[in-house]
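This briefing concerns the fold, the salt bridges and the surface charge of one protein model. Please examine the sequence and structure shown below before reading the points that follow.

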Amino acid sequence: MFRSPSSNFLPHSSATQTRFLQNRIQVIEKHFGEICTALAVYTRKIASQRDKGDCLAQTLNEYAAAENVNKNCSQGIKDFADSISFISDYRDTCVNRLEETIIQEISDYAGICKSAMEDIRSCSVAYEKEISQLKYVHKLRQQNPLGRMQIGKAESDLAQATTQSVRLGKSIEERIDKLEKKKLEDLIGWMKKLALIEMSLHSSSLSILTRAYQQLENVDIESDLEEFRNTLRLNLPLPESSPARAQSVPSIALPKTPTDIPSKVKRSKSFSDYRQRAESLDSLKVEEYEELKQTEDSDDDEESEKEPSPPRMSVVRRK
């Protein structure tokens with residue numbers, strides 16, 4: 001009834017192989033949990049970038065709606081905001097794929113590893129029970145070799161324990177083999193899915209950004225600048241005479257015109273008329289002064305004949 005240690009089943013193996021399988025399951029459970037956590041953080045970062053992209057697109061659309069002068073630039077900004085919004089939509093799809101395929105499947109390994117560890121413990125208990133029963137049979141043979149009935153019952157229990165151990169050992173061996181195969185296939189499959197999701201996101205983003213760049217290149221900046229200058233000219237106030245400039249001209253030089261805002265032509269004509277009138281007045285004053293002087297000179301000559309007079313100071317006329 002004693003089995004050879006060279007058997008291939010788990011209960012026939014040593015306790016070292018059992019510990020190896022337990023450590024193997026623990027490594028899978030630990031590192032897959034860390035991978036799941038890292039991918040969850042990575043997915044949240046993409047989701048955060050998606051939300052920031054939506055915020056940027058909304059801000060650009062608000063500016064494009066407020067811009068009422070630079071029409072070409074406003075349309076270009078609006079198209080670029082739509083491109084950013086499209087990229088955010090692709091990021092949202094990327095987030096959903098990561099959560100539904102990779103992260104969910106990795107998180108399922110927590111239950112798979114827990115179930116495998118329970119099976120290994122059950123197999124280990126069955127193996128220990130078999131070893132204990134085998135020691136009991138040896139002990140009975142040594143103590144009471146003639147007790148056939150007691151030894152037979154112990155050997156029957158040993159046979160049942162051996163059968164249970166073999167059955168559990170074969171089952172756990174097949175399950176661990178399938179688990180190892182599944183782990184390898186899933187791990188490579190997840191990385192391939194991640195690569196495909198990222199390639200889809202970046203290829204779509206590259207196509208959208210290329211088109212957005214071309215649209216921005218087609219924006220006519222000179223046309224918007226000319227439109228701004230024309231609008232600025234229309235909004236400038238009409239030129240008026242400043243108070244300082246009005247005070248620089250003498251009050252007698254300002255002609256009285258029927259209009260409130262005289263034109264430059266009228267102002268210059270009135271000023272020339274004033275100068276002509278002033279020169280004619282000066283000429284009349286000079287003639288009157290000369291006649292008056294002649295009259296005074298004649299009166300002085302008559303008086304000088306009568307009595308001598310002190311010498312008079314000459315009057316110098318200011319030109």
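A residue is called buried under 20% relative accessible area, exposed over 50%, and partly exposed in between, with a 1.4 Å probe and protein chains only. The model is predicted: local features need pLDDT of at least 70, side-chain atom pairs count only at pLDDT 80 or more, and totals for chains, interfaces and linings use all residues. Residues are numbered from 1 along each chain as its sequence is written, and side-chain values use heavy atoms, with hydrogens and water left out.

**Overall architecture**

- The protein has 7 helices and 0 strands, where helices (H or I, at least four residues) and strands (E, at least two) are DSSP runs numbered from the N terminus.
- Read from the N terminus, the order of elements is α-α-α-α-α-α-α.
- Of the 319 residues, 24% count as buried.
- The protein exposes about 23700 Å², and carbon and sulfur atoms supply 55% of this area; accessible areas come from the Shrake-Rupley method with a 1.4 Å probe, and for residues only the protein chains shown count as cover.
- Among contacts with a separation of 6 or more, 81% involve residues 24 or more positions apart; a contact means heavy atoms within 4.5 Å.

**Salt bridges**

- The whole structure contains 7 salt bridges, each defined as a side-chain nitrogen of Lys or Arg within 4 Å of a carboxyl oxygen of Asp or Glu.
- One of them joins Arg24 to Glu180, with the closest N and O atoms 2.7 Å apart.
- Because Arg24 belongs to helix H1 (residues 15-66) and Glu180 to helix H4 (residues 148-217), this pair ties together parts that are 156 residues apart in sequence.
- Arg24 is partly exposed at a relative accessible area of 33%, and Glu180 is also partly exposed, at 22%.
- Glu180 also forms a salt bridge with Lys183, at 3.1 Å from N to O.
- Glu180 and Lys183 are 3 residues apart in helix H4, so about one helical turn separates them.
- Lys183 counts as buried, with 10% relative accessibility.

**Negative surface patch**

- Asp220, Glu222, Glu226 and Glu227 gather on the surface in a patch of negative charge.
- Patches are made of residues with over 30% relative accessible area and no salt bridge; like charges are joined within 9 Å, and nonpolar side chains (Val, Leu, Ile, Met, Phe, Trp, Tyr) within 5 Å.
- Lys and Arg count as positive and Asp and Glu as negative, while His and the chain ends are not counted; the place of a charge is taken as NZ of Lys, CZ of Arg, CG of Asp or CD of Glu.
- Glu226 lies in helix H5 (residues 221-235) and counts as partly exposed, with 37% relative accessibility.

**Surroundings of Ser74**

- Ser74 is found in helix H2 (residues 71-107) and is buried, at a relative accessible area of 12%.
- Leaving aside residues up to four places away in sequence, Ser74 touches Ala64 and Glu67.
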